[in-house]
Amino acid sequence: MVLIISQSHSEYSTDDVIDWLSYYDQSFIRLNGIDYLRSPQIKLGFNKKNTILGDLPLEEVKVVWFRRWTSAEDRSYLMLNLRDFKPYLLQLNEFLRGEYNILTDYLLSVLKNKVYGKILRDDINKLLVLRKAVELGINIPETAVISLRSEFEEFVKNGEVITKPIGNGKGIDFSKNTYVPYTAKCNTLNKAVGSKFAPSLFQKHINKKHEIRTFYLNGKFFSMAIFSQSNAQTSVDFRRYDNNKPNRTIPFQLPLSFERKLKKLAMFFGLKLGSFDIIRTPDDKYCLLEINPEGQFGMVSYPCNYFLEKEIALELIKANEK
């Protein structure tokens with residue numbers, strides 16, 4: 001049995017992989033994170049021999065694909081918004097979040113030895129990725145985590161600087177909208193920022209010939225070049241999409257020597273699938289920005305005709321047959 005863990009909203013890649021599993025007549029069950037937490041049909045039971053999730057003994061699951069957990073819409077459902085308890089809402093919501101986290105940790109712990117890839121609710125630590133990349137001889141931008149204005153001013157003396165979240169930069173839900181942080185240039189600090197501030201990640205800005213999004217699947221690489229530098233809106237972060245003038249994208253082949261280093265990096269973190277964000281510089285050097293184990297692969301699959309959804313389905317079927 002294949003178990004797919006995903007989210008209930010806007011997860012088209014999961015839907016596409018399921019279509020391929022159905023095409024190959026592979027039995028599977030899909031569990032959205034929010035279903036596990038709210039559905040009256042999901043009951044967690046215990047006995048001496050097994051753990052039952054609803055009517056499914058988890059011991060019958062042979063392979064798990066952990067795609068996503070909860071969406072912004074799901075998270076808004078999980079939080080209380082009671083006017084009469086407004087002074088206590090923060091504490092109540094923190095309590096509920098703690099309860100949900102315990103349940104989630106339990107489920108992931110039970111399934112961890114069956115997961116295809118690495119089972120994660122949070123992204124791989126970005127700082128550990130950069131550190132290991134350097135050990136493997138992979139180029140990265142000059143990086144600093146800074147909390148003093150004086151250190152920032154010293155860091156920017158030798159060129160332009162960008163900033164981005166230290167973590168995975170989860171969106172902030174506000175007034176029925178989700179606001180997602182982007183990578184942005186940051187050569188000066190606002191006057192309102194004092195001499196000390198929260199630890200923040202800064203990197204030297206790197207000129208690029210183009211960006212590369214690479215999807216990694218069990219030792220194989222599927223890369224796409226993104227000509228984001230030709231548009232001012234996307235030149236620093238291609239995720240600031242310009243729907244009126246989309247970036248040109250083409251299939252791309254990374255140098256095999258660079259792929260071998262990326263494979264060692266993926267193996268170190270126990271990844272069988274995930275996305276690499278890379279810059280190719282004007283002098284044809286390759287620079288790793290980060291790894292995203294949940295990275296969108298539809299954006300690479302469709303423009304480049306890689307049929308990654310089919311590839312993932314076949315990998316899950318192969319793992320289920322072992």
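This note walks through a predicted model of one protein chain, point by point.

1. Ground rules. Residue numbers start from 1 along each chain as its sequence is written, and side-chain values use heavy atoms, with hydrogens and water left out. As the model is predicted, local features need pLDDT of at least 70 and side-chain atom pairs count only at pLDDT 80 or more, while totals for chains, interfaces and linings use all residues.

2. The chain as a whole. The protein chain holds nine helices and 17 strands; these are DSSP runs numbered from the N terminus (helices: H or I, at least four residues; strands: E, at least two). Of its 322 residues, 44% are buried, where buried means under 20% relative accessible area, exposed over 50%, and partly exposed in between (1.4 Å probe, protein chains only). The chain exposes about 18,100 Å², with carbon and sulfur atoms supplying 51% of it; accessible areas come from the Shrake-Rupley method with a 1.4 Å probe, and for residues only the protein chains shown count as cover. Among contacts (heavy atoms within 4.5 Å) with a separation of 6 or more, 69% are between residues 24 or more positions apart.

3. Three strands make an open sheet in the order 2-1-6, with parallel pairing; two strands pair if DSSP finds at least two bridges between them. Strand 2 (28-32) and strand 6 (63-66) are the edge strands, each pairing on one side only. From one strand to the next the twist averages 20 degrees. Four bridges connect strand 1 (residues 2-6) with strand 6 in the parallel sense, and L3 has V64 in strand 6 as its bridge partner.

4. Helices on that sheet. Helix 4 (residues 89-111) packs on the sheet and touches strand 1, strand 2 and strand 6, its direction making about 150 degrees with that of strand 1. Helix 9 (residues 308-321) also packs there, touching strand 1 and strand 6, and makes about 150 degrees with the direction of strand 6. For these angles, axes are lines fitted to C-alpha atoms, for helices over the stretch in contact, and angles run from 0 to 180 degrees between N-to-C directions.

5. Eight of the eight residues of strand 16 (residues 273-280) are buried, so the strand is largely enclosed by the rest of the structure. Both of its faces are covered, with L273, S275, D277 and I279 on one side and G274, F276, I278 and R280 on the other. Strand 13 (residues 210-217) pairs with strand 16 in the antiparallel sense over eight bridges, and Y216 stands opposite G274. Six bridges join strand 16 to strand 17 (residues 286-292), also antiparallel; here S275 stands opposite N292.

6. R280 forms a salt bridge with D284, the closest N and O atoms being 3.0 Å apart; the rule is a side-chain nitrogen of Lys or Arg within 4 Å of a carboxyl oxygen of Asp or Glu. R280 is buried at 17% relative accessibility, whereas D284 is partly exposed at 37%.

7. Other salt bridges. The count comes to 17 salt bridges. One of them joins K204 and E142 at 3.5 Å, N to O. This pair links distant parts of the chain, 62 residues apart: K204 is in strand 12 (residues 196-204) and E142 in the loop between helix 5 and strand 7 (143-148). K204 is buried at 13% relative accessibility, and E142 is partly exposed at 47%. E135 and R131 also form a salt bridge, with closest N and O atoms 4.0 Å apart; being four residues apart in helix 5 (residues 126-135), they are separated by about one helical turn. E11, R67 and R68 are linked in a salt-bridge network.

8. Backbone angles worth a look. Most residues other than glycine have a negative phi. D25, in the loop between helix 1 and strand 2, has a positive phi of about 60 degrees and is exposed at 69% relative accessibility. N305 lies in the loop between helix 8 (298-304) and helix 9; its phi is near 55 degrees, a positive value, and N305 is exposed at 56%.
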